[in-house]
Amino acid sequence: MLEFQKCLDQSAPVPYSVVRETLRAELGGDKALNEKFEFIDPIPLASASIAQVHVARLRGTGEEVVLKVLKPGVTETLKADLGFIYLVSRLLETLAPDLARTSLGDIVADIRTSILEEVDFRKELTNLEEFRAFLAKSELTAVATCPRVFPALSTQRVLTMERLRGVSLIDLEGIKAYTDDPEGTLIAALNTWSLSVVLCPSFHADVHSGNLLVLEDGRVGFIDFGIVGRLSPETWQAVTEVGEGLVRGDYRVMAQGLIRMGATAAAVDEGKLAGDLQALFERLRTLDPQIMVIADVESQTAAASLQVDEEQVTRLLLEIVEVASSNGLKLPRQFGLLIKQSLYFDRYTRILAPTLDPLRDSRVNFPRTVEEAEKVSSGGRGRMGARRREREEDLGVVIDVTPKK
């Protein structure tokens, strides 16, 4: 599966002539393209197996946008390959009954659905619009944003979006050019994301360093909403219970949270699960980020950045899934998505704010219920902050989503 993911993330670009043909077919031909766009850069800004991105400029307004264009044949190839993988997973469950305990077929089915959603850009357009509406309603537009979309210039195979300019969340030196408070910027990113998990119809489920930018105006920019998650209130409450257990170092509470999530295939030994969780998370705490120092000979400067090893993050997630399945638990896919994002944020914290403890810092928000999240977004920060101070062991509900100065 790791190799399959690499295949999706890395790919040589297709010729611009092929991209142009897709644009002609989707947006109304050469005449329409000339009327709508003043310029389209034939050199791609980025390329992956599913799509590639080109910078363009709108005619009339001169606004700079990016065009995300689906590569030809991708949908049909993915449907065939993923269908084959699904059938193989079901066959393996039949031949090896122990695999049924891990819900291999269900996991593959979820992955298949998620990936096929990525090749329909109308779904990503909806995800972006929902996130922008969430930011506005929660009064977070001063600290975070995502690209504005252009529905009239978007189809199933083409997505036209505002271009956001900034640096990666792991580019510490680059961030310092836009803000004097990298820690506050990280907190703003984490608070925005955690509130979206509760209040937005879908949450960003791929917050690797390429998808989180610190913009020139200091705000955090969330990009690429091809992969999102949707969470039920029950699952979120179970997740926060697991978090409370982690804060207190009470792995039995963590185990109880997982069990109450309703993802049990059979009777679960709570004590054994607690012990396995403790061993895993204590090992995770010892992991160090990989620091890369990039030297610029001409300017005689050096920039340090965090090399976020996505393969390592994925392997850690698989280990968590293995601990659960070995104890008779079938974790919902959404729970796995949340864990993976938390591992990303943990790495960002290590480089941008190494002394920050997100689970105990009063500036960091992990609302346990929809009601708590709504109080934060509607101005109920003081009441929640007071309640938090009365319970030192609480998860740490945010009292201010604005970065500190």
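This is a predicted model: local features need pLDDT of at least 70, side-chain atom pairs count only at pLDDT 80 or more; totals for chains, interfaces and linings use all residues.
The protein chain contains 15 helices and 13 strands. Of its 405 residues, 48% are buried. Among contacts in the protein chain with a separation of 6 or more, 65% link residues 24 or more positions apart.

Strand β3 spans residues 51–58. It is mostly covered, with seven of its eight residues buried. Several strands pair with β3. Strand β1, residues 37–40, runs antiparallel to β3 and is joined to it by three bridges. Within this pairing, Phe-39 has Arg-57 of β3 as its bridge partner. Strand β2 covers residues 46–47 and also pairs with β3 in the antiparallel sense, here over two bridges. Ala-46 stands opposite Val-53 in β3. The two strands β2 and β3 form a hairpin, and three residues lie between them.

Strand β4 comprises residues 64–70 and pairs with β3 in the antiparallel sense over seven bridges. One of the pairs in this arrangement sets Ala-51 against its bridge partner Leu-70 in β4.

Strand β9, residues 212–215, is covered on both faces. Leu-212 and Val-214 are buried on one side. Leu-213 and Leu-215 are buried on the other. Strand β7, residues 166–168, pairs with β9 in the antiparallel sense over three bridges. Ser-168 has Leu-213 of β9 as its bridge partner. Strand β10, residues 220–222, is likewise antiparallel to β9 and joined to it by three bridges. Here Val-214 has Val-220 of β10 as its bridge partner. Strands β9 and β10 form a hairpin with four residues between the strands. In that hairpin, Gly-218 takes a positive phi near 90 degrees.

The largest nonpolar core has 82 residues. Phe-222, Leu-277 and Phe-345 touch the most other members of this core. Helix α13, residues 333–352, gives the most to this core, with ten residues. Leaving aside neighbours within four places in sequence, Phe-222 contacts residues from several stretches of the chain, including Phe-131, Ala-144, Thr-145, Cys-146 and Pro-147. Its contacts also include Ala-189, Thr-192, Trp-193 and His-204. Asn-211 and Leu-212 are likewise in contact with Phe-222. Another core, of 14 residues, lies apart from the largest one. Leu-33, Leu-67, Phe-150 and Val-158 are among its residues.

Helix packing was examined next. Two packed helices are described by the angle between their axes and the distance between the axes. Helix α8, residues 182–199, packs against helix α14, residues 370–377, at an angle of about 125 degrees. Their axes are 9 Å apart. Because of that angle, α8 is oblique to α14. The crossing of the two helices is left-handed. On the α8 side, the residues involved are Leu-195, Val-198 and Leu-199. In α14 they meet Val-370, Ala-373, Glu-374, Val-376 and Ser-377.

Is Val-247 buried or exposed? Val-247 counts as buried because its relative accessibility is 8%, and the cut-off for buried is under 20%. Val-247 and Pro-358 are 111 residues apart along the chain. Their C-alpha atoms are separated by 9.9 Å.

How values were computed:
Residues are numbered from 1 along each chain as its sequence is written. Side-chain values use heavy atoms; hydrogens and water are left out. Buried means under 20% relative accessible area, exposed over 50%, partly exposed in between (1.4 Å probe, protein chains only). Two strands pair if DSSP finds at least two bridges between them. A nonpolar core is a set of buried Ala, Val, Leu, Ile, Met, Phe, Trp, Tyr and Cys residues joined through side-chain atoms within 4.5 Å. Contact means heavy atoms within 4.5 Å. Axes are lines fitted to C-alpha atoms, for helices over the stretch in contact, and angles run from 0 to 180 degrees between N-to-C directions. Angles under 35 degrees count as roughly parallel, over 145 as roughly antiparallel, 65 to 115 as roughly perpendicular and the rest as oblique. A crossing is left-handed if the near helix is turned anticlockwise from the far one by less than a right angle, and right-handed if clockwise.
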